Amino acid sequence: MSEQSIKVQLPDGSVREVARGTTPFDIAMSISPRLAAAVVVARVRPLAVPAPAGETAADEAAEAQTEAGMYSSAGETGERLVDLSAPLTEDVALELLKENDEAALKVVRHSAAHVMATAILELFPETKLGHGPATDAGFFYDVYRETPFSETDLAAIEAKMAEVVARDEKFVREHEPREKGLEEYRQHGDFMKVHFIERFTKPGEEISLYKNGNFTDFCRGPHVPSTGRVKAFKVTSVAGAYWLGDEKNQQLQRVYGTAFFNAKDLEQHFKRLEEIKARDHRVLGKQLDLFSIQEVAGAGLIFWHPKGGLIRKTMEDWMRDECIRRGYEMVFTPHIMRRELWKISGHEGFYSQNMYPPMELDDAEYRLKPMNCPGHILIYKNSPKSYRDLPQRYAELGNVYRYERSGTMHGLLRVRGFTQDDAHIFCTPEQIESEIAACVEFADEVLKAFGFAEFKVELSTWDPKDQKSYVGSAEHWETAVGSLKKVLDAKGIPYREIPGEAAFYGPKIDIKLVDVLGRLWQLSTVQFDFNLPQRFELEYTGEDGEKHRPVMVHRALFGSVERFFGVLIEHYAGAFPLWLAPVQVGIVPISEKHVEYAAAVKAKLEAAGLRVELDSRNEKMNAKIREFTMQKVPFVLVMGDKEAASEAVSVRTRGKGDEGSVPLTAFVERAKALVASRGTTL
RNA sequence: GCCGAUGUAGCUCAGCUGGUAGAGCAACUGAUUCGUAAUCAGUAGGUCAGCGGUUCAAAUCCGCUCAUCGGCUCCA
């Protein structure tokens, strides 16, 4: 092999020897011009580096960096995306990414962000650019401009983008000395670009710039070959965003857009958004009359209507039974407690911002509880405990109130008053791992029982650099994190460790569930606490007759009953499984003369423990069926002369339609069995 | 909390550049008595989110407050 040639390995394993400086585009062309036209970007991996052993942290690091605004970076394998026009200078494994590849889509979106920036600067030259990364749903560009962009401005930007795309300007990568770039950006008052160059490059380095037409942007790339390759896009919205994510900083305008390989995918995307909207628990909550939030009462406070209340009762009954079955004891603790208590617990110091201000009662100050733990601790402390009593597992469906800033509330998912299915386990250090393991198993069962099959686990640990936000010694934190890890490892549960996300009193295992649309929701949490036992000087008498300090596990599995319910609504799109459905059976008498028989059927179904609604209004049968259907009632029973004569019902099953007449007793058995099995399909 | 948008009947929404509020569905009344997603007719229903201002006149223009929505930040 000569100095002038390099080896390029293609995905099929074949190796080509080409001249040094050959571009991925050249190689695509040499394979087929059709391929060259379809390729978006190239992925290369130096052959000098051994192949990766599967998915690694490098992917996530690269991901995080892309999110942070800079572009695809080399992981530890050296694998990276490059422009099709980038000359290859070493032996590489080369992959040509076409329009069916996730990574290629991100590149298209990133290029779309440049196209948008081009358009914005042409229309509003005074605008200063921040960063413009691709996201999971599209892209955005953070920009600074005195006047906010209006709807009309967004439309104009989108129209201008179409022009930029039509011009089909080549994306050209250029390099220039860092100092030169800095100087130019400084002169233009581009404070954000100056910041990025200073942060992402080192003195003496060259910086990379991407140009298309008259537009230049400091950017790592890669990009699609030309603006014409951004074929399907839309500017969607604009919102405020803080410079560098810090609310003390300048507020920027974040212009959002999305882009796809083709118009069909774009259309599909908006269809999906509509689908999500139709599942929105706030919309369904209204349509199905499940809950409300009322302006006179205040933001973030939930009113559970009868039907929502019934579902809640079903959820809670299930939870209580399961807790008791697993050796928990149900307790109840007050909603307001004296301020002193919150001082002892550390909430005054570490959680005050989330608590409502104290209220004066007689000569004392009281505060509304944001957590249930201190209450449970007082119960523990109320009588001496022996090692024989441990573990003590106290469970409560406790109502807590937390102050949330006004712009943060969101239906049932982010509220100011909510109910935690909270429990605190007091145990010996030897018991801690089995208790945590049992909690993780319990959480798994809860999610499965409610129809969630998939979830992701995160281990939130402290940030040793930010010790003022946490209580306890480094040693404590290490042992606590160690035991959580040990449990997860022993169970073979994959998890992601996230430093800086722990509660102030200890590390935690968070379980995020994935709903039918693939969205992630934070619900269950299992937390280790070595702090509160110490603060409250909890003790138990050991086998040795000496006093020992118990350790404590906090755990909430629904997390918040409100949030869990919200997620449940969206997961099922309001079509709850039979055991949860507030109305399980709707009865439709065909005409008024069948109401008597219908009432008798209703009585029998209710006697069998089913929740039934009889529509005896003077309405047409079809109208009644329609209403039950729209209310997503699992079973609608239609009955006329035929049914009345033979003690039968005509069954209409949600999602299936008319299933014909069956004997009433047969239907009762079917429904009862389905409720008992908590089946999710009818 | 911050940026932007929005707030009209129970619900979904219309109401142009200021001239004093409208539809469909729901509700109620009556007729109809019906075989698997809307029978017909009539009646009633609104402090136009709240407060203040400009004006001869405000749902409409301005200010403040509250709430909601999309984000940011923060979080169960």
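# Briefing: a predicted protein–RNA model

At 0% relative accessibility, His 376 is buried. That value comes from a predicted model, in which 56 residues surround RNA strand B. Among the other topics here are aromatic rings, with 27 aromatic pairs counted, and two cis peptide bonds, one from Gly 221 to Pro 222 and one from Leu 390 to Pro 391.

- His 376 sits in helix H13, residues 373–381.
- Its side chain joins that of Glu 396 through a polar contact of 2.7 Å.
- Beyond its neighbours within four places in sequence, His 376 touches Val 331, Thr 333, Tyr 394, Ala 395, Glu 396, Asp 422, His 424 and Phe 426.
- His 269 belongs to helix H8, residues 263–279.
- His 269 has a relative accessible area of 15%, so it counts as buried.
- Apart from neighbours within four places in sequence, the contacts of His 269 are Ala 137, Thr 258 and Phe 260.

**The surface near RNA strand B**

- Of the 56 residues around RNA strand B, the closest are Tyr 242, Gln 251, Arg 414, Asn 618 and Ser 650.
- Sugar and phosphate make up 50% of the RNA strand B atoms that come within 4 Å of the protein.
- By class, this surface holds 22 charged, 18 nonpolar and 16 polar residues.
- Ser 406 places a side-chain N or O atom 2.8 Å from a phosphate oxygen of RNA strand B.
- Lys 508 also faces a phosphate oxygen of RNA strand B, with a polar side-chain atom at 3.4 Å.
- Glu 247 has a side-chain N or O atom 3.2 Å from a sugar or linking oxygen of the RNA strand B.
- Several elements give two or more residues to this surface: strands E11 (232–242), E12 (251–260), E24 (520–529) and E31 (648–653), and helices H9 (281–287), H19 (621–630) and H20 (641–646).
- Which element gives the most to the surface near RNA strand B? H19 does, with seven residues.

**Aromatic rings**

- The model has 27 aromatic pairs.
- One of them joins Trp 462 and Trp 477, whose ring centres are 5.0 Å apart and whose planes meet at 5 degrees, so the pair is stacked.
- This pair links distant parts of the chain, 15 residues apart. Trp 462 is in the loop between strand E21 (454–461) and helix H15 (474–491), while Trp 477 is in helix H15.
- Are Trp 462 and Trp 477 buried or exposed? Both are buried.
- Trp 318, Phe 450, Phe 452, Phe 558, Phe 564 and Trp 579 form one aromatic cluster.
- Trp 579 also has the charged end of Arg 678 over its ring, 5.5 Å from the centre.
- Arg 254 lies over the face of Phe 140, at 3.9 Å from the ring centre.

- Arg 173 lies in strand E8, residues 172–177.
- Its relative accessible area is 37%, so Arg 173 counts as partly exposed.
- Setting aside neighbours within four places in sequence, Arg 173 is in contact with Asp 83, Ser 208, Leu 209, Tyr 210 and Arg 220.
- The Arg 220 contact includes a backbone oxygen that lies 2.8 Å from a polar atom of the Arg 173 side chain.
- The side chains of Arg 173 and His 175 make a polar contact at 3.4 Å.
- Thr 216 is 43 residues from Arg 173 in sequence and 9.6 Å from it in space, C-alpha to C-alpha.

**Backbone features**

- The peptide bond from Gly 221 to Pro 222 is cis, with omega near 0 degrees. Pro 222 lies in the loop between strand E10 (215–218) and E11.
- The peptide bond from Leu 390 to Pro 391 is cis, with omega near -5 degrees. Pro 391 lies in the loop between H13 and strand E19 (392–401).
- Asp 168 is not a glycine, yet has a positive phi of about 50 degrees. It is in the loop between helix H5 (151–167) and E8.
- With a relative accessible area of 40%, Asp 168 is partly exposed.
- Leu 244, also not a glycine, has a positive phi of about 60 degrees. It lies in the loop between E11 and E12.
- Leu 244 is partly exposed, at 42% relative accessibility.

Conventions
Residues are numbered from 1 along each chain as its sequence is written. Chains are lettered from A and ligands numbered from 1 in the order in which they are written. This is a predicted model: local features need pLDDT of at least 70, side-chain atom pairs count only at pLDDT 80 or more; totals for chains, interfaces and linings use all residues. Side-chain values use heavy atoms; hydrogens and water are left out. A residue is near a molecule or strand if one of its heavy atoms lies within 4 Å of it. A polar contact is a pair of N or O atoms within 3.5 Å; within protein, one must be able to donate a hydrogen and the other to accept it, and residues adjacent in sequence count only if both atoms are side-chain atoms. Helices (H or I, at least four residues) and strands (E, at least two) are DSSP runs, numbered from the N terminus. Ala, Val, Leu, Ile, Met, Phe, Trp, Tyr, Cys and Pro count as nonpolar, Asp, Glu, Lys and Arg as charged, and the others, Gly among them, as polar. Buried means under 20% relative accessible area, exposed over 50%, partly exposed in between (1.4 Å probe, protein chains only). Contact means heavy atoms within 4.5 Å. Rings of Phe, Tyr and Trp (its six-membered ring) pair if their centres lie within 6.5 Å; planes under 30 degrees apart count as stacked, over 60 as edge-to-face and the rest as tilted. A charge sits over a ring if NZ of Lys or CZ of Arg is within 6 Å of the ring centre and within 35 degrees of the ring normal.
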